[in-house]
Amino acid sequence: MHVRRSAEEIAANRQHYEEHQRKGLEFAPKALPVPSPLPAPAIEAGRVIHQETIPGGWYWSTLLKRGEALRIDQQEGLSTVALIAWNAADTSERLNLVDTVKVQWTTALGKGRVVFSDMGRVMFSMIEDSSGAHDCLMGGSTAASNAARYPGANTRNTRDNFILAAGKLGLDRRDIPGVLNLFAPVQIDDAGGFRWQGKASNSGDYAELRAEMDMLVGLSNCPHPLDPNPVHAPAPVTVTRFRAAAPAADDLARTATAEAVRGFENNAMMQA
């Protein structure tokens with residue numbers, strides 16, 4: 001049954017939301033750190049566990065253990081990389097971008113932000129990021145979106161890549177969460193639509209995500225649905241799995257917001 005809400009009730013709900021938002025933002029940092037420096041500094045050889053090149057259009061998956069990190073590097077040219085993840089111990093817990101945005105009061109992910117699971121725990125801390133151009137709203141490409149954007153071309157897409165990746169992990173398409181698109185300069189315009197911002201990301205940009213729990217991670221290297229390039233030509237990306245430095249007590253990702261503090265408290269209960 002559809003319930004019609006009165007203007008007074010709508011106004012009261014909005015006021016309650018804005019008050020809650022104000023309190024959250026008062027705790028949050030006024031600004032995130034400046035972007036990580038370019039070019040990306042070398043990772044000490046003794047910390048590197050594995051390095052993989054994902055060709056344009058292809059995908060890769062890996063087990064990422066707590067305390068390890070992934071560096072995703074556009075060193076060979078511009079390319080959007082879609083990311084999904086599951087708790088390795090219980091794959092019913094997975095990446096949740098709605099909560100990631102909601103509890104941090106922003107769609108802007110960058111150094112110092114965290115990525116939540118659908119159980120209120122922190123999956124990733126973004127420990128380095130030279131771009132700041134990441135999309136957590138639109139989702140990845142599909143066969144239909146590619147057919148519309150590249151008519152007549154035989155192309156790969158993120159949705160089908162993740163179906164293949166999930167199958168190899170013993171999962172299926174129903175287990176695939178919403179995707180985080182790294183290096184995708186998407187903004188919301190005044191009318192509420194999505195638009196590609198142009199060159200907000202550069203060749204050579206990189207992001208590093210530290211694992212805060214043991215995870216299964218999937219990556220897909222396909223153009224974003226809004227990528228204006230008329231040719232399906234994603235560049236290869238380099239992914240390095242390495243042992244991250246232990247976080248300090250004042251680690252920004254762990255202290256930036258009250259919600260992140262609670263998320264890490266939830267992690268601690270899980271890991272106890």
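In which sense do strand E5 and E6 pair, and over how many bridges?

Author: This is a predicted model, in which local features need pLDDT of at least 70 and side-chain atom pairs count only at pLDDT 80 or more, while totals for chains, interfaces and linings use all residues. Residues are numbered from 1 along each chain as its sequence is written, and side-chain values use heavy atoms, with hydrogens and water left out.

Strand E5 (residues 114–116) and E6 pair in the antiparallel sense, over 3 bridges. Strands here are DSSP runs of E with at least two residues, helices are runs of H or I with at least four, and both are numbered from the N terminus; two strands count as paired if DSSP finds at least two bridges between them. Within this pairing, Phe-116 has Val-122 of E6 as its bridge partner. The two strands form a hairpin with 5 residues between them, and Gly-120 in that turn has a positive phi of about 75°.

E6 also pairs with E10, again antiparallel, and 5 bridges join the two. Here Glu-128 stands opposite Glu-208 in E10. Because 7 of the 8 residues of E6 are buried, this strand is largely enclosed by the rest of the structure; buried means under 20% relative accessible area, exposed means over 50%, and partly exposed lies in between, with a 1.4 Å probe and protein chains only.

A pocket is found on a 1 Å grid over the protein atoms alone, as an open set of points with protein on both sides within 12 Å along at least five of seven lines, where a 1.4 Å probe fits; lining residues have an atom within 4 Å of a point. The volume of the largest pocket is about 340 Å³, taken as the space filled by probe spheres set on the points, which are joined across faces, edges and corners. Strand E6 (122–129), strand E10 (206–211) and helix H5 (252–255) each supply at least two residues of this lining. Sorted by class, the lining has 13 nonpolar, 1 polar and 8 charged residues, where Ala, Val, Leu, Ile, Met, Phe, Trp, Tyr, Cys and Pro count as nonpolar, Asp, Glu, Lys and Arg as charged, and the others, Gly among them, as polar.

Ala-133 counts as buried, at 4% relative accessibility. From Pro-55 it is 78 residues away in sequence and 21 Å away in space, C-alpha to C-alpha.

Cys-136 is likewise buried, with a relative accessible area of 7%. Its sulfur lies 19 Å from the closest cysteine sulfur, in Cys-222, which is too far for a bond. Cys-222 also counts as buried, at 2% relative accessibility. With a disulfide taken as a pair of cysteine sulfur atoms within 2.5 Å, the count comes to 0 disulfides.
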